[in-house]
Amino acid sequence: MAVTHPVTNNAIHMLLRRMRAPLITVIIIYSIAILGFVLIPGMDAEGKPWRMSFFHAFYFVSFMGSTIGFGELPYPFTNGQRLWTLFSIYGTVVAWLYAIGSMLTVIQDTSFRRVINRNSFDRAVRRIKEPFYLICGYGDTGNLLIRALAKRGIRCVVIDIEQECIDALELEDKGIDIPGLCADASDPDNLIIAGLKRPQCTGVIALTNIDHINLSISISSKRLVKNMRVISRVETHDAEANMASFGTDYTINAYDTFATYLATAIHSPSKHLLYDWMTSGSNAPLTEPIMPPHGKWVLCGYGRFGKALRKNLLLEDIDPIIVELDPEGTHAPRTVISGRGTEASTLHDAGIENAVGVIAGTNNDTNNLSIIMTALDINRDLFTVARQNKSMNDHLYELSDINLIMQRANIIARKISTLIMTPMLDDFLRLLSLRDNQWANILVSRISGLTGELSPHLWSVRINNQESPALIQYLKESPHIVVGDLLRDPRKRENKLDCLVLLLKQQTKEILVPDITAGLHEHDELLICGQQYSEQRVRWIQTDYNVLSYVKTGIDRPSGTLWRWLAKTTQA
Amino acid sequence: MNLEKVIFAFFTVLALTLNFGFFIGQIDNPDHHHVYELYAALIVSLIATVMKFGDRTHLGAVLLATSLVADLQLLVAAVVWGVAEHITETGLTASVVASIVSLSGGALLANITSVVMLVMETAQVRR
């Protein structure tokens, strides 16, 4: 027997249980009506006494209930029969209304609907045959992330506790079917229904805005499925440490991520620019470099965001002047200026006149905008950074004159989609941070030379049998293929493809931007960036032996056995 | 005392007794088997079936199954009767009556099974 579906059974049981009374009513009223017609004497066409049999009675009552006015069959009725018909009509009609009414009530019942929804969700998850990610929490972050993944054709399953969020998911067309369930993700049963234990489930992403729920999602996923990849959003350092302790693969703290991002920009605009290009997704317009100045900064709001920023700014030798309404509650340093920052006097106290930059980092969007506007009134040349808490304020922030906007949802979604789609990018960015500015500047100009106006397309190449059969075959015969061979145009080998290898990962070492003469071996991995069309060309070289030997040697190898034999004999 | 149990047992046993009443008699003698009794047995059996809807226990499932068997047998018996009287118009010959009664005999077995299981369940409950 197949695995039982408790969910399916629930719905049927519920319907049957609720339909008991109405069905019994229908049966009883029918049986009384039928019996009445059998017992009451009638008359046939010649006026002789005649009695209906059960067959005729059942026939008459059946059509009487639904279509009154069919006629008196098989012979015109006597008055006694008509009287009984009157009673029966009211009886059967009421019984049917009752039965149909209660069936509709059951179907519209919220608990029944929930059972049905779970049911169809369960089926939808079972139908997914490709690898998919289980995403818990469909807010701003979830929405951005799923859009990015759907664009790449990566399947997802969503759980959220708010029905509104699930409705929004269903309304929005993302090109692929994304099953969504309204349920509590901290309940492991719900994770299992969402396909946690299915072999196709490649990872769990916890995006709810409550740390302890993300924590319980991570724990259950790791417990229920060994080696399940878990990526989680965190708000506090406590939760981050806790999650790391049982092996959550990635924890993402939006405040810390943004703070490092800003610090990188101050430290090296080129590195920041590279980071921005790589994570913005293919074919987005190239962003201009931002140049946050060195000097005196004013930081309004010393919450989790403010603390993360101060820590990272101190690393760049910038000690920001802190403005905070509640200095004691937030354990602000002694130099703090007490106030909200939205009024000019506080900003004056903080010395905004001779500052180079201002950061509005409170958890209230209106206050943040007000801080920026007040500060710009006093000092036109400020570099402005503002934290945006709600995505509905997108428009207001765009209209304001802000150099850098910290959108939590955007930061988390970008980071996670990078981790999922090009895991090697994380390694690249880590290695990049170790290089100096000069090196980053050169790389920026090389990449912008390749891709022009648009952000580079990123993809990774694995040298193994599944992905590059031609390369493996070639390596067996003549073990010398270099990076440059992969970057030649298979249509005309003298031309180079518009792409650049960012990272070559070998078994023992990682080479950042390898030379085109670097040799390739089995099990190597490459991260390549460039124009989108070149991905197909490189894939062609990877998989087609004849194309590979053409780019390598310039000789068009005959592909048929006969021609190969002919070529061999003519050569000899 | 649980009113639901009373009604449930009432219909289950009544289905058996009515069925038995129809079944008893010479198998091919139409005078021993009245159509009203068959009608009553069928209606009560249908009601007993609906009462077993939605019971999620194992016993409930088996009871529902036996009850459905009884319904099916009685329905076929009623259809045979109707066909013989009105469609082929052969009337209640000995062979027709025999097949109707033997069909109801099958239903009787199913109803006996139901009642036996009901008694067994009742015996297990010591309250």
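## A walk through the model

Where pLDDT is low, the predicted coordinates should not be read in detail.

This is a predicted model, so local features need pLDDT of at least 70 and side-chain atom pairs count only at pLDDT 80 or more, while totals for chains, interfaces and linings use all residues. Residues are numbered from 1 along each chain as its sequence is written, and chains are lettered from A and ligands numbered from 1 in the order in which they are written.

Chain A has a mean pLDDT of 85, with 97% of its residues at 70 or more. Helices here are DSSP runs of H or I with at least four residues, strands are runs of E with at least two, and both are numbered from the N terminus.

Now for the inside. A nonpolar core is a set of buried Ala, Val, Leu, Ile, Met, Phe, Trp, Tyr and Cys residues joined through C-beta atoms within 7 Å. Buried means 20 or more other C-beta atoms within 10 Å of a residue's own; 12 or fewer is exposed, and in between is partly exposed, with C-beta atoms placed from the backbone. The largest core has 85 residues, and Leu134(A), Ile135(A), Ile205(A) and Val298(A) touch the most other members. Helix α10 (residues 254–267) of chain A supplies the largest share, eight residues. A second, separate core of 45 residues includes Phe11(B) and Val97(B).

Helix α11 (residues 269–279) of chain A has nine of its eleven residues buried, among them Lys271(A), Asp276(A) and Trp277(A). Its cover includes α10, α17 (423–432), α18 (437–451) and β15 (457–462) of chain A. Just after α11(A), Gly281(A) takes a positive phi of about 90°.

Strand β18 (residues 499–505) of chain A is also mostly covered, with six of its seven residues buried.

| Partner of β18(A) | Sense | Bridges |
|---|---|---|
| β20(A), residues 525–530 | antiparallel | six bridges |
| β19(A), residues 510–512 | antiparallel | three bridges |

Cys499(A) stands opposite Gly530(A) in β20(A), and Leu503(A) opposite Leu512(A) in β19(A). Four residues separate β18(A) and β19(A) in their hairpin.

Definitions and conventions:
pLDDT = per-residue confidence, 0-100. Contact = placed C-beta atoms within 7 Å. Pairing = 2+ DSSP bridges.
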